[in-house]
Amino acid sequence: MSAPRGEFTSRFGFLMAAAGSAVGLGNIWGFPTNTASNGGAAFLFAYLILAFLLAYPALMAELIIGRHARANAVTALQSLATGPGTRWFALAVGFTGIITVSFILSFYAIVSGWMIAFFFDPLARMLGMDGLAAWLTTDGSLRNSLFLILFMLLTIYIISAGVKEGIEKWASRLMPSLVVILLLLILYVFTLPGAMDGLRAYLVPDFSRLADTSLLVSAMGQAFFSLSLGVGTMLVYGSYISKRENLPVIGSLVALLDVGIAVLAGMLILPAMYVALNSGVEIFDAQGGLIAGPGLIVSVLPALFGTMGVVGVFVALAFFALMTIASLTSSISMLEVPVAYGVESLGVARRKAAIVVGSIITLISLAIVFNFDPWFDRVVTYTTEMSQPLLGLAFCVFAAWIWNRNGVLEEIRQGSPEAADGWFFRIWPFYVKFVCPLAILVVYFQ
Ligand code: PHE
């Protein structure tokens, strides 16, 4: 009944896809401002530790389960079940993951739509269409609806094409472009007056902030969201990895790429904000903190680009292309979670599954657009702050408590025969069994 499963054809393809999922608005938008407002390098330090000690083990749990089961999230978790109780638990966790990731996509698509609208703004201005440019950059239900639909169409298009021809092909094209654009923008912004003040604000550590538990909570939330954990994305991508691959190594490369690009993004955003300050743009909010919410992307940075004359047109195009690429390589990984379930467990053709699920998510997105104030923040909070950490915890429980240790070891051994003696298998089981669940719970109840 089910179609043959896709597989990534190369390590590079998988890395680009998984790093593409991980690197998103969370890295380029969330991370830099979070760092600057939470003690600079002190936050970075906490983030690096949490990312490698907590998020990386949780990422590995998903990748290992996925590659072992070679199936979508629901089937994969069920295959680990040891009795009716755990089967039922698997079903609940798998479905909650599918629902959560669908709702994450529904708000992500709205924000990504803004990025596309802002990408067209400099083009419209170049063509002298100032009315259009003003419409593109003014918040409104019509604009938001049209661009979120456009964004969802792109996402559906890529996912319809499958793992190799869709996800791998596009991630392998888009991610290198993202890195190049990011580096060029950093180099350019560094030449402008004020940039070094921004770098200082970003990196000079305020270690007294490390005692602050809210800093640790935001660092951990940031790490989980950024590595796309808890909702089955990494599990599904893991299920498409060849059995010959060395999982601990490619998992750590994904984490390194994600953290690396987040750190680089900070070297663009903070200097850019201080360059803006230097040109008279307000970058602090009423409480004296850095403007970090939507205002950063839709007003502070465009105001900066506006002061740059002709160069500003190209800088704006590059910047919003960067944001759109980052969003798209994340959104495809989100849509793949429900689509993989539809294809494998319900026997629906991939194209049809992508269109049907994509359309349902688009409708939810539209409903949020028309009820923005009461719904948007709520959807973000329920999915990313409540559901995602608990699901992350559930994945750790599956990998370390329900599945037996030998099964895990056998799976890792497939691509790295010496796994039993390596450092990874000495530390990881303990982490996933005790440290990760405990840490997630502590943070959750904060
Ligand atoms: N990691 C993505 C980001 O940083 C968001 C994401 C969350 C992607 C959950 C997939 C699943 O923007």
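Reply: What follows takes the ligand, then the pocket, then the cavities.
This is a predicted model, in which local features need pLDDT of at least 70, side-chain atom pairs count only at pLDDT 80 or more, and totals for chains, interfaces and linings use all residues. Residues are numbered from 1 along each chain as its sequence is written, and side-chain values use heavy atoms, with hydrogens and water left out.

Me: Which residues come nearest to the ligand?
Reply: They are Ala22, Gly26, Tyr108, Phe225 and Ser226, out of 16 residues around the ligand. A residue counts as near if one of its heavy atoms lies within 4 Å of the molecule.

Me: And what lies 2.6 Å from an oxygen atom of the ligand?
Reply: That is an N or O atom in the side chain of Tyr108. It is a polar contact, that is, a pair of N or O atoms within 3.5 Å.

Me: How much of the ligand does the protein cover?
Reply: The cover is 100% of the 320 Å² of accessible area that the ligand has on its own. Such areas come from the Shrake-Rupley method with a 1.4 Å probe.

Me: Which elements give two or more residues to the shell around the ligand?
Reply: They are α1 (11-22), α2 (25-37), α10 (213-226) and α14 (309-345). Helices here are DSSP runs (H or I, at least four residues), numbered from the N terminus. The shell has six nonpolar, 10 polar and no charged residues. In this count Ala, Val, Leu, Ile, Met, Phe, Trp, Tyr, Cys and Pro are nonpolar, Asp, Glu, Lys and Arg are charged, and the others, Gly among them, are polar.

Me: Changing topic, how much space lies in the largest pocket?
Reply: The largest pocket holds about 1,200 Å³. On a 1 Å grid over the protein atoms alone, a pocket is an open set of points with protein on both sides within 12 Å along at least five of seven lines, a cavity is a set where a 1.4 Å probe fits but cannot get out, and lining residues have an atom within 4 Å of a point. A volume is the space filled by probe spheres set on the points.

Me: Which helix gives the most to the lining of that largest pocket?
Reply: It is α16, with eight residues. The lining divides into 19 nonpolar, 11 polar and two charged residues.

Me: Now the cavities: how many of 30 Å³ or more are found?
Reply: The search of the whole structure gives two.

Me: What lines the second largest cavity?
Reply: Its lining is Leu185, Val189, Leu268, Ala272, Leu301, Leu304, Phe305, Val315 and Phe319. These count as nine nonpolar, no polar and no charged residues. The largest share, three residues, comes from α13.

Definitions and conventions:
A polar contact is a pair of N or O atoms within 3.5 Å; within protein, one must be able to donate a hydrogen and the other to accept it, and residues adjacent in sequence count only if both atoms are side-chain atoms.
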